[in-house]
Amino acid sequence: MFEWTEEQRMIRDAVRQFVEAEIAPRRDEFEFGDTPPYEVLRKLYKTFGLDVMAREQFKRRLDRPDGGGGLLGGDGEEVDPKVRANTVAMPMIPIIELCRHSPGMVTALGVSVGLTAAAIMSKGTREQQERWALDLLTLDKIGAWAITEPNSGSDAFGSMLSTARRDGDEYILNGSKTFITNGPYADTVVFICKLDEGNPPDQRKILHFVLDSGMPGFDQSPPLRKMGLHSSPTGQLFLTDVRVGRDRLLGETEEVSGGGREDAKATFSIERSGVAAMALGMIDRCLELCVQYAKERVQFGQPIGEFQLVQEKLARMEVARLNVENLLFRYIEILAHGKQPTLAEASAMKLYSSHAAVEVTLDAVQLFGGNGYMSEFHVEQLARDAKVLEIYAGTNEIQMTHIAKDLLRR
Amino acid sequence: MNVVVCAKQIPDPAAPGELDPNTKTLKREGKLILDDSDAYGVEMGLQLADKAGGGEVTLVSMAPHDEVSGLRTALAMGAAKAILISDDALQGSDSLATAKVLAAAIKRAEPDLVLTATESTDGYTGLLPAQLAELLGWPSITFAKHIEVTDGKAKVQRQTEEGYDEVEAPLPAIVSVTAGVVEPRYPSFKGIMAAKNKPVDQVTVADLGLSADDVGWKGARQEITDVVPAEERKAGEIVEDEGDAHERIVQFLEQLKVI
């Protein structure tokens with residue numbers, strides 16, 4: 001059975017200390033002041049040597065003969081499960097710890113490193129990886145992964161209107177993207193669109209292009225106002241006849257497996273497991289705050305923790321925390337043994353943990369009463385932030401259909 | 001330059017501490033952590049070794065039950081190795097007995113400089129740095145807020161109530177550092193992962209050539225006769241305003257000699 005090792009606990013304590021010293025005191029600035037999260041995230045990376053580790057891992061990966069495999073080993077390669085477990089578990093610790101105070105930071109970081117850089121690393125040529133991915137992995141540059149459009153959300157590929165048209169050896173890109181994490185500030189954007197060859201839209205190939213901020217015809221909007229996740233800047237992207245060479249087409253080929261749709265689905269699976277780690281951090285923090293409040297807040301002459309209806313909330317929060325932690329541990333164990341969760345398993349994990357986070361954070365607001373509704377007590381922010389976990393990385397309704405379809409296929 | 005940092009492992013101050021009713025000493029049964037006040041010495045030692053262009057930091061610690069959790073934290077920050085003295089005979093050691101044990105361990109490391117905190121966060125005696133210096137026969141400088149090592153000398157700004165004194169001593173020397181001396185670094189992920197494999201030399205009292213009679217309860221020259229709860233803070237005085245409240249407040253402040 002997996003459990004956090006002594007080293008992982010030490011890392012947790014160190015990251016928690018950093019977050020409580022560097023981020024928690026500046027919460028209002030990040031929440032209400034439009035201060036982008038990147039400077040403090042870079043400080044986090046430098047403080048713990050994550051930029052150096054990213055550079056070393058990048059080099060190791062490129063030095064491999066197949067250029068792939070990553071840290072978990074390539075096909076048929078023997079890697080000690082404990083080493084694999086550590087490799088999977090380690091990045092989850094900063095996610096959990098950041099989410100205790102500022103889940104938006106994780107979204108900003110995850111999209112830049114986990115989605116944008118990962119997409120370039122999995123689909124790009126070696127030249128493209130060196131040109132764009134390394135700076136993203138070290139956080140020297142910020143990335144955005146642009147798939148969603150005003151009229152294409154859950155039906156990402158079916159309703160996608162963004163296009164690439166061939167023009168000699170080059171492509172002309174057009175389209176609008178929305179709800180793009182890091183969109184307002186991204187240096188590097190992976191733009192997903194359909195190759196328009198005059199064929200029907202549902203038969204068009206899906207292509208990924210890499211754009212740099214400031215390219216002619218490429219505009220990035222200011223941050224959009226939203227319900228929560230204020231420390232993660234979200235924006236729109238507008239492309240008007242953006243001319244790019246083949247060097248910006250990921251993989252430098254139009255011939256991608258599954259018409260380009262399968263690769264994006266693999267990305268969804270990773271994204272969904274990250275949501276569980278986020279949920280755990282938010283639940284853990286709420287539970288900690290609620291237990292403390294239940295002991296200190298006195299009503300009718302006794303601490304409110306003495307009341308059974310308050311106890312019921314605390315107990316349910318603890319059950320949610322244990323369940324989400326167990327899901328995460330199971331995920332780590334699966335990968336530690338060289339396997340991959342199915343898309344349905346990743347969906348189940350995302351569905352349950354996001355729902356648990358929403359329920360726990362709202363219960364925390366209720367337990368705090370009027371104080372819970374006030375910003376000062378933090379739980380209202382976590383409740384607003386938690387809601388997005390049910391919406392992004394595939395809505396929970398989409399997760400349910402994935403799980404059900406998987407069951408019906410058996 | 002080789003630096004020894006005395007690193008105390010103490011019960012987590014965030015958890016409620018408990019006294020043994022018989023010995024009137026702090027219970028140290030559970031996991032121990034690095035005393036926060038020693039993190040400054042570790043950081044200073046690392047910076048001095050780095051600046052000197054060579055050498056390393058060795059931790060010296062005396063703790064029960066082979067406890068290394070606190071040492072791992074300092075090793076993760078960058079210390080190269082540790083000497084841990086753990087022996088049942090050490091139970092009940094007073095500060096002089098502790099100084100004898102640490103001095104013997106420090107000699108083994110043959111350092112150029114020894115750094116300590118000004119006092120520990122659990123015992124607060126503040127006696128150890130001077131006792132170490134006496135036992136080792138080395139100069140002692142206390143309350144350092146800034147340290148430089150040049151030409152075989154430690155040049156120290158020594159914190160005083162008014163400001164600081166500039167003092168220096170030939171090496172090897174014992175210097176106690178304040179919390180203002182440097183900002184301790186966070187251990188890097190790599191540092192944490194490497195800490196487990198760094199050497200911790202576990203030794204007993206006999207290994208250090210000391211007699212069990214010199215340490216622990218037998219060797220203690222200090223006896224804790226009683227421990228009483230700190231006096232509760234008295235309730236403040238409430239001044240009812242009958243038109244003269246401002247004068248009474250001024251009088252009160254004058255009595256305190258703050259105006």
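I began with the second largest pocket, whose lining divides by class into 18 nonpolar, 19 polar and 13 charged residues. I note at the outset that this is a predicted model.

**Entry: the pocket**

I looked up how much space the second largest pocket has, and its volume is about 1,400 Å³. I then asked which elements give two or more residues to the lining of this pocket. They are strand 4 (57–62), helix 3 (95–109), strand 6 (113–117) and helix 4 (128–136), which belong to chain B. The lining of the second largest pocket has 50 residues. I wrote down those that lie nearest the centre of the pocket: K8(B), R28(B), M62(B), S93(B) and T98(B).

**Entry: where chain A meets chain B**

I turned next to the two chains. I found 18 residues of chain A in contact with 11 residues of chain B. The area buried between chain A and chain B comes to about 1,400 Å². Carbon and sulfur atoms give 73% of that area. Which residues of chain A lose the most area to chain B? I have E7(A), M10(A) and F48(A), which together make up 36% of what the chain A side buries.

In one salt bridge the side chain of E7(A) meets that of K196(B), at 3.9 Å from N to O.

Helix 1 of chain A gives the most, with 9 residues. By class, I recorded 11 nonpolar, 4 polar and 3 charged residues on the side of chain A that touches chain B.

**Entry: the cavities**

How many cavities of 30 Å³ or more does the structure hold? I have 2 of them. I followed up the second largest cavity, in which about 30 Å³ of space lies. Its lining is made of I23(A), R27(A), F30(A), E31(A), H101(A), S102(A), S231(A) and Q381(A). Helix 2 (residues 27–32) of chain A gives the largest share of this lining, 3 residues. By class, I noted 2 nonpolar, 4 polar and 2 charged residues in the lining of the second largest cavity.

Methods: Residues are numbered from 1 along each chain as its sequence is written. Chains are lettered from A and ligands numbered from 1 in the order in which they are written. This is a predicted model: local features need pLDDT of at least 70, side-chain atom pairs count only at pLDDT 80 or more; totals for chains, interfaces and linings use all residues. Side-chain values use heavy atoms; hydrogens and water are left out. On a 1 Å grid over the protein atoms alone, a cavity is a set of points where a 1.4 Å probe fits but cannot get out, and a pocket is an open set with protein on both sides within 12 Å along at least five of seven lines; lining residues have an atom within 4 Å of a point. Grid points are joined across faces, edges and corners, and a volume is the space filled by probe spheres set on the points. Helices (H or I, at least four residues) and strands (E, at least two) are DSSP runs, numbered from the N terminus. Ala, Val, Leu, Ile, Met, Phe, Trp, Tyr, Cys and Pro count as nonpolar, Asp, Glu, Lys and Arg as charged, and the others, Gly among them, as polar. Contact means heavy atoms within 4.5 Å. Buried area is the accessible area (1.4 Å probe) that two parts lose on being put together, summed over both. A salt bridge is a side-chain nitrogen of Lys or Arg within 4 Å of a carboxyl oxygen of Asp or Glu.
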